[in-house]
Amino acid sequence: MLQKNNNRNSDVIMYFIGKLAPAILGFLNIYLIAKKLSPEEYGEYALIILVLLFFQFFGSWVNQAIFYYLPKSGHEKKGMAIWFGQMTFYIAIIGSVVVVSGFVIDGVKYDIAIAAGLVFLFQIYWNYLSTYYQSCEQSKIQLIATLWQVSIQITFISLLYFFNRISVFGAVVSILIGFFTGNFWYVKHKDFNQNIISISGVSWINFCRYTKLAINYSGPLCMWFLFCQIYTFSDRFLLKWAGLSAELGRYSATRDLLLGVVSIFSMPLLMVAHPMIMRIWSERKAVSEIQLIIQRNLTIIFIVGAFFIMMLSGYGNIIFSTFFSSKYKLQNVEYVLMVGAILFSVASMYAHKSLEVTGATLKVAFLGGGVALFSVLANFILIKRFGLLGVEIVGLLSQLIYFFVASYLSRKYWNVVIPVRRISLILLVVISVFLLSKLVDMWYPLPVANRFPVPWGLIVAIVFSIFSILRFHEISDLFGKYGFAKK
């Protein structure tokens, strides 16, 4: 048991590093690209990446099936692994052709369209291989591949920036090179299982049977994935439709950066929790174990998110001026609306977890479809009148609706709540830190301000926020378990 716990703790550290590296890459990508591109050009780049993200739903159902079936496939494990390889190959080839053709028809330059098609192909394989190793809980292999992918992509985009060659095409090519490198490392690793990229070896009967099993479980999840992309990202297409190209660029760059920040602490928790929850459920262990995992992670998200929102509400423009030029400037309330939507989207991954684990994926798909319909209609009505602010409000409302409805539907399987007293304590500490920072802004001596023109209130907010966050036992216990706290 002790060895198993140590392995899980090691997995968390590796997943944290593995997700921290892409987050750093995201920071650099957004910073360097936004430095060289106008908001309109960044908007064009963001839409290309968004289309690629939309098309990932073609491969998402295969990846979900890996988590659900591979751990319990028994003597059929080799056959199912080969089927996963075959299906991924078909999706990658056909999907890349569709992507290139679609971009060319839409008027995108040929070089950008071809590069985007190759990005789709290698990203499908990247997601597939990463999911496979995650389902096998081989975090070290996944970590090294991620570090290779990130380091090469950072190097390439930095060289483009240094030689003043950043363009939409160059930014897409940097992503292509990164995914190619990561996949190359996976395939060349000495422990690589050749069965998972095989494109033959499964009988037609078994191929059809495995396909039916995967579709029955993952088909609704695939549709859910597509609907989530619609209610999360369709607003960018509507901004383009409304002729708000500059707003599209500012919104995309800001939201991408915020998403990268939130991912630093949220994605490692989710990536470790998901296979653990799936295993606990498959082994028919006590549901209370799953409830504790979800309650702890939701509390961590709420703690860190509350302090993050507090700092953005008071110092959003100061913080973002570090990364973007004045061309990308928004109001503090807009930063709060965007990060609120992102935080609830992360929390929703836990809210619907019981439906996903128990196979009630059709409910998840219907919920995603309903929220997607609401999002598109609401944005269509509000975008002409309120512009970007309307988009941001609808984004937050969509995530709130999904979270609370998913929580309601999940109550049949397990009910996870954060105690009111805990929420009250967190809010009390957040408000206290906010008031302290504002008092510093009002009262620190003018001679000091003139000599050292730095945002002292923001510095106080950051220092006291970090100190306060680490004092909550959900955070301190986490660090203590994983070797960062004093013994």
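Entry 1, salt bridges. I began with Arg236, which forms a salt bridge with Asp256, the closest N and O atoms being 3.2 Å apart; I take a salt bridge to be a side-chain nitrogen of Lys or Arg within 4 Å of a carboxyl oxygen of Asp or Glu. Arg236 lies in helix 8 (residues 204-241) and Asp256 in helix 9 (residues 245-282), so this pair ties together parts that are 20 residues apart in sequence. The helices here are DSSP runs of H or I with at least four residues, numbered from the N terminus. Arg236 is buried at a relative accessible area of 3%, whereas Asp256 is partly exposed at 23%; buried means under 20% relative accessible area, exposed over 50%, and partly exposed in between, with a 1.4 Å probe and protein chains only.

Before going on, I noted the conventions. The model is predicted, so that local features need pLDDT of at least 70 and side-chain atom pairs count only at pLDDT 80 or more, while totals for chains, interfaces and linings use all residues. Residues are numbered from 1 along each chain as its sequence is written, and side-chain values use heavy atoms, with hydrogens and water left out.

How many salt bridges does a search of the whole structure find? It finds two, and the other pair I looked up is Glu247 with Arg250, at 3.7 Å from N to O. Glu247 and Arg250 are three residues apart in helix 9, a separation of about one helical turn. Glu247 is partly exposed, with a relative accessible area of 24%, and Arg250 is buried, with 17%.

I found that the axes of helix 11 (residues 332-351) and helix 14 (residues 388-410) come within 9 Å and cross at roughly 20 degrees. The axes are lines fitted to C-alpha atoms, for helices over the stretch in contact, and angles run from 0 to 180 degrees between N-to-C directions. That makes helix 11 roughly parallel to helix 14, given that angles under 35 degrees count as roughly parallel, over 145 as roughly antiparallel, 65 to 115 as roughly perpendicular and the rest as oblique.

The 24 residues of helix 15 (residues 420-443) should span 34 Å at 1.5 Å a residue, and its end C-alpha atoms are 34 Å apart, which agrees; the expected span is 1.5 Å times one less than the number of residues. In helix 15 I listed Arg422, Ile426, Val430, Val433 and Ser437 as buried. The axes of helix 15 and helix 17 (residues 456-471) come within 8 Å and cross at roughly 155 degrees, which makes helix 15 roughly antiparallel to helix 17.

Asn164 sits in the loop between helix 6 (139-162) and helix 7 (168-188), and counts as exposed at 54% relative accessibility. I also looked up Thr322, in the loop between helix 10 (287-321) and helix 11, which is exposed with a relative accessible area of 57%. Thr322 and Tyr31 are 291 residues apart in sequence, and their C-alpha atoms are 9.3 Å apart in space.

Methods: Helix = DSSP H or I, 4+ residues; strand = E, 2+ residues; numbered from the N terminus.
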